[in-house]
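Please read the following report alongside the sequence and the structure shown here.

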Amino acid sequence: MTSHPDAEALAFFAEGLLEPGEERSIADHIDTCVPCAVTLGELNGVTRVLAEVPAPALPQDVADLLDGRIAEASAERSADDGPMRKSRPGVPSESAPSASVTPISAKRRGFGLTRFMMVAAVAVFVIGGGTAVIGGLMTDRQSETGAAAPLSEESSEENLPDTAQSYAAEGFESGTLYTEDTLTEQATKTLNAAEGEGDMGVQSQEDAEPPHGAQECVTRLEAATGVRVTLVDDALWEGPEGPERVWVLFTRHDAGADVMVLDPICARGGDVTASVLAKESL
Amino acid sequence: MDAAQELPDKELLSRHTQGDEQAFAVLVRRHRERLWAVAIRMMNDPEEASDALQDAFLSAFRAADRFRGDSQVTTWLHRIVVNACHDRLRRRKVRPATPTEDETLDVISNERLGRIGGAPDHASQTESRLDVHAALELLPLDQRMALTLVDMLGYRVDEAAEILEVASGTVKSRCARGRAKLLPSLAHLRNPQPPPDVTSGRGGANPS
């Protein structure tokens with residue numbers, strides 16, 4: 001293929017919507033074209049960014065409003081059916097369960113919600129980590145809800161410009177296409193390059209923060225394994241289906257340093273250690 | 001009575017149509033959190049999400065006897081909420097005199113590319129908080145609704161297809177188109193940089 005497929009063609013490719021011939025030619029192209037492989041990775045990134053947008057929980061006043069409207073409608077209907085049946089709008093009768101006792105199991109039932117709650121939890125991590133760049137939805141009301149409470153501490157407007165400083169791990173973009181066979185030497189090279197940069201006093205340069213979404217994976221990985229992540233390289237990995245975008249994490253412990261290749265899917269939640277594609281000691 | 005809370009959705013709906021005064025309220029309490037999540041993400045405005053949700057529940061209240069029972073009650077409720085949001089979004093879309101979608105996205109993307117090429121921008125970090133929704137506003141409604149359900153809320157494609165009453169393939173292609181359109185305006189949130197060791201003649205991370 002001589003010309004690059006456009007983003008839409010890559011998005012269709014990712015969804016498996018292309019004709020076999022076209023699909024093959026794009027697959028071949030991606031094998032040899034790093035920019036297009038990157039674009040493909042970024043299309044997944046769009047999904048991730050969308051999934052990370054925080055949404056406020058149902059505000060109590062809206063819940064009350066809904067109860068009220070339904071009670072009114074119920075009363076109107078009863079009045080139409082026959083004036084003898086009484087129902088007072090807004091006043092729950094003894095048989096109505098109160099809003100506060102809706103069982104958790106009922107709230108969690110059915111499709112979608114569990115996932116949504118997971119996404120919401122991830123969003124809290126994102127904000128907590130300081131990348132509150134997409135916190136536009138936040139409202140004051142929401143800080144009243146338990147799930148969103150941590151947000152109010154970290155995501156206030158005035159904190160935003162300082163978010164880069166709150167990162168524990170440093171970000172880096174070596175542009176390396178890591179492979180399983182050469183991971184150790186590539187990682188050593190990256191580590192030296194990144195440290196060299198720090199020695200030269202440019203540590204606080206602009207891209208010294210981990211890629212968007214990486215911080216919560218780092219946080220969870222640190223919590224799960226007890227390691228300390230010092231550097232995140234936003235890079236590529238030679239996977240079974242060609243180059244994919246990965247976060248290469250450098251960790252430090254008493255005995256030395258390790259490198260871990262992390263699938264960005266970890267940002268979606270779940271067991272973070274399951275997203276580790278490879279691991280080597282340095 | 002606690003028993004009502006244990007009843008399946010369909011039974012509650014059927015009791016409601018037979019005149020049970022509390023059945024629908026139970027249904028609302030059971031699903032309102034989830035449907036609020038849909039509405040707030042569709043509308044990106046608590047007031048409008050609240051209005052859409054009220055409209056939706058009231059119309060479900062009145063239309064319950066037309067529920068055909070060949071889908072889940074939750075799917076049916078989702079459909080009504082999504083339609084209520086759709087109506088409001090359509091009206092909202094008519095209101096401001098914005099340029100057509102593609103033009104605007106191009107402008108956004110050019111600004112971004114300009115910034116990415118030069119010094120990275122802390123200044124834009126604050127403003128980009130709104131970018132996800134600003135960018136979504138500019139998508140055709142069909143794409144936006146598909147992406148909201150699938151990417152933002154994590155519904156499976158077949159669930160979204162049932163809610164939107166279109167084929168799964170249609171949901172996929174709407175999502176794919178939407179993602180491709182959002183890429184230039186959201187890529188900066190992922191901090192993309194072209195790898196320095198690119199051998200191809202094209203340097204951009206986003207060839208098009």
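## Helix α1(A) against chain B

In this predicted model, helix α1 of chain A, residues 7–14, meets helix α11 of chain B, residues 168–186, with axes that come within 8 Å and cross at roughly 140°. Because of that angle, α1(A) is oblique to α11(B), and the crossing of the two helices is right-handed.

On the chain A side, the contact is made by A:Ala7, A:Glu8, A:Ala11 and A:Phe12, while α11(B) contributes B:Ser173, B:Ala176, B:Arg177, B:Ala180 and B:Leu183. Sorted by class, the residues in this contact of α1(A) with α11(B) are six nonpolar, one polar and two charged.

## Helix α1(A) within its own chain

Helix α1(A) also packs on helix α2 of chain A, residues 20–32, at an angle of about 105° and with the axes 11 Å apart. An angle between 65 and 115 degrees counts as roughly perpendicular, which means that α1(A) is roughly perpendicular to α2(A).

From α1(A), the residues that make this contact are A:Ala9, A:Leu10 and A:Phe13, and from α2(A) they are A:Glu23, A:Ile26, A:Ala27 and A:Ile30. By class, the contact of α1(A) with α2(A) has six nonpolar residues, no polar residues and one charged residue.

## Chain A overall and a loop glycine

Chain A contains nine helices and six strands, and of its 282 residues 51% count as buried. Among the contacts in chain A between residues at least 6 apart in sequence, 59% join residues at least 24 apart.

A:Gly226 is found in the loop that lies between α9 (214–225) and β3 (228–239) of chain A. This glycine has a relative accessibility of 63% and therefore counts as exposed, the cut-off for exposed being over 50%. A:Gly226 and A:His253 are 27 residues apart in sequence, and their C-alpha atoms are 9.2 Å apart in space.

## An aromatic pair in chain B

Over all chains, the count of aromatic pairs comes to two. In the pair formed by B:Phe24 and B:Phe61, the ring centres are 5.2 Å apart and the planes stand at 80°, so the pair is edge-to-face. B:Phe24 belongs to helix α3 of chain B, residues 23–43, and B:Phe61 to helix α4 of chain B, residues 46–63, so the pair ties together parts that are 37 residues apart in sequence. Both B:Phe24 and B:Phe61 are buried.

## Buried residues of chain B

Helix α4 of chain B also holds B:Glu48, which has a relative accessibility of 18% and therefore counts as buried. Leaving aside residues up to four places away in sequence, B:Glu48 touches B:Met43, B:Arg88 and B:Arg92.

How many of the twelve residues of helix α9 of chain B are buried? Eleven of the twelve residues in this helix, which spans residues 141–152, are buried, so α9(B) is largely enclosed by the rest of the structure. Among the buried residues of α9(B) are B:Leu141, B:Met145, B:Ala146, B:Leu147, B:Leu149, B:Val150 and B:Met152, and the list also includes B:Gln143, B:Arg144, B:Thr148 and B:Asp151. The helix α9(B) is followed by B:Gly154, whose phi is positive, near 75°.

Key
Residues are numbered from 1 along each chain as its sequence is written. Chains are lettered from A and ligands numbered from 1 in the order in which they are written. This is a predicted model: local features need pLDDT of at least 70, side-chain atom pairs count only at pLDDT 80 or more; totals for chains, interfaces and linings use all residues. Side-chain values use heavy atoms; hydrogens and water are left out. Axes are lines fitted to C-alpha atoms, for helices over the stretch in contact, and angles run from 0 to 180 degrees between N-to-C directions. Helices (H or I, at least four residues) and strands (E, at least two) are DSSP runs, numbered from the N terminus. Angles under 35 degrees count as roughly parallel, over 145 as roughly antiparallel, 65 to 115 as roughly perpendicular and the rest as oblique. A crossing is left-handed if the near helix is turned anticlockwise from the far one by less than a right angle, and right-handed if clockwise. Contact means heavy atoms within 4.5 Å. Ala, Val, Leu, Ile, Met, Phe, Trp, Tyr, Cys and Pro count as nonpolar, Asp, Glu, Lys and Arg as charged, and the others, Gly among them, as polar. Buried means under 20% relative accessible area, exposed over 50%, partly exposed in between (1.4 Å probe, protein chains only). Rings of Phe, Tyr and Trp (its six-membered ring) pair if their centres lie within 6.5 Å; planes under 30 degrees apart count as stacked, over 60 as edge-to-face and the rest as tilted.
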